[in-house]
Amino acid sequence: MRFSNISNYLQKIEVTASRLEMTSLITSLLSELEHNDIAIISYLLTGRIAPKFVTSEFEMSTKSVIKAIAKLYPQDNVNALYKKLGDVGNVIVEVDKGNTDTKIDIATVYNLLWEIVKTEGKGSVEVKQHLLIRLLERLDRLSKKFVARLVSGRLRLGCNDRTVLAALNGILGDDFSEDLDYSYGVCSDIGYVSAIALTKGIRGIRKIEVSPGTPIASQLVERAKTGKDIMDRYDKIILQPKYDGMRCQVHILDRNTKQLNGKGLKEEKFYRPWVNYINKRNFVGLFSEPAGNSNLIKFFSRRLDDITTLFPELVEEIQKFNFKSAVFDCEVIGVDKSGKFSSFQETVKRKRKYDIAKTKEQVPVNMYAFDVIFLNGKSLLKVGNYERLKLLDQILKDRNSKIITSPYSIVSSTKHLEKLFSQYISKGLEGVIAKNPESFYQPGLRNFEWIKLKKSTSKDFKDTLDVVVLGYYAGRGKRAKQGIGAILTGIYDSNTSRFLTIAKIGTGITDAELMKIKNQLDKIAIPVSLTTPNSTFDNRQLVIPKVLIPDVLVEPTIVCVVEADEISKSDVHSSGYSLRFPRLIEFNRLDKSPEQVTTLDEIKLGV
């Protein structure tokens, strides 16, 4: 199919305000695609060219993209136009005078996009600009608009993986949403799921299973106010400590395995087109080359990022294990020389991409495995929690000083739960996780099969919240010169896939911190032309009441941690709730994606 046909669909998707209509448009688009293009377009709809666990970022700033556009249209004042419009795509629409429907197809565009991604090293900025210009020259005006946005990381369709899943469900002709959600949770690859669904149908979807090297969506937890709330649900529970570290998924595979899911490479390239562009010798690029006869190891974050290089000492220790294959759910947390647990803020310093050797010495870490999902060629997703934990104990207990099995207890009374809770808190841990002994591992789901109970942060409020930044307000008084006085934050409504306001936060932030925050938020500001300052801002991503619209609206990508004295009902915020005396604890939490922040359903349960 011609890429221009895709761009026409993208334009229709962009201008529709209805999520149902957007889903319908995506349904029509996917239905028209040739089989080879299904996975590619599924990625593109979400602003990517590969799943999240595959490094495929363009590494081109908006400034760099604007420079490329300026070279393509030297007769126009592109920089001034960008300052006015605030969007690289709209700049191209303004300056490009032609609208010829070119014959360039999807596969060719995809190949050229990967050329940009793969360009690295000295002088790569200029080379990337040249490659982008070469691609734009071959496109019609509308296609130029969306490719420029894609490369700058700001496609602005408001479409995510869940939207694509909803569209697939419509194509399959019945309600197979649970099957689609489960399969996507198992493989975390929307292109793969789309290609399987539209070529093999629901039978193919139901055959998707765990494959080491492909991260599984982490099972999530609900929250409880008290131990009694937990025990009122179950006669008996499994209780494990809750560590305040970086949640990781560890994948181990024998070095001789060179195929995904046991399929041939040719078939995998059809369902996962990105493997054509990963130049590695082992396991079609998902694992780096190990030394000697070592196993292949991968660490994935909760956001599905590949963070293997951050923990060289843990990789070295895991290499000593004699597993044909395994997937562990775990927490990596800093531990000082005295054995005391480090704070999350200290542990997360290991997320730095540079000076890893130095950070390794400054922040030593241990890995605490609390679940096993796959072992020696067999998926354990359909094995009960208690049976998995017994198995985990057998294979890891007392194996290593840095790779540790998280302890667990069988609890049948509130008194016993509260006693263990106090013991773990006294050791510097965050609280406890309670689990239904009989339930299975449920990828990506949040329900009361797993429940967390955390130490109090105040008299009334039992937990911190993860929120996403929606914008900021110009400062008043002494902060007027800074141009920022407070930030607007929101929570996630998983039922509508939109972010809803819950708090304005200005206290507890120094002027210097506010300026750093402003600099980061200005990079993701939504152009003024796309906002509606005189009415409620209500689109497919955000709902912000008229009285709360910030001076600068931003894309919902930055996650923060806040605490407050109380959650109360509100007639002002679009969530229907507000935080009393909210305080910023951490800005830009790197281990959670926007869709993983506190949900509206969680807030309702906590009030």
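1. Rings of Phe, Tyr and Trp (its six-membered ring) count as a pair when their centres lie within 6.5 Å; planes under 30 degrees apart are stacked, over 60 edge-to-face, and the rest tilted. By that rule, this structure holds 16 aromatic pairs.

2. Before you read on: this is a predicted model, where local features need pLDDT of at least 70, side-chain atom pairs count only at pLDDT 80 or more, and totals for chains, interfaces and linings use all residues. Residues are numbered from 1 along each chain as its sequence is written, and side-chain values use heavy atoms, leaving out hydrogens and water.

3. Take Phe53 and Phe300. Their ring centres are 6.3 Å apart with the planes at 80°, so this pair is edge-to-face. Phe53 sits in the loop between helix 3 (38–45) and helix 4 (62–72), and Phe300 in strand 4 (residues 296–301), so the pair ties together parts 247 residues apart in sequence. (Helices, H or I with at least four residues, and strands, E with at least two, are DSSP runs numbered from the N terminus.)

4. Are these two buried or exposed? Phe53 has 4% relative accessibility and Phe300 has 2%, so both count as buried. Buried means under 20% relative accessible area (1.4 Å probe, protein chains only), exposed over 50%, and partly exposed in between. Together with Trp274, Phe53 and Phe300 form one aromatic cluster.

5. Now look at Phe370 and Trp450: with centres 6.4 Å apart and planes at 75°, the pair is edge-to-face. Phe370 belongs to strand 6 (residues 365–375) and Trp450 to strand 11 (residues 446–454), so parts 80 residues apart in sequence are tied together. Phe370 and Trp450 are both buried.
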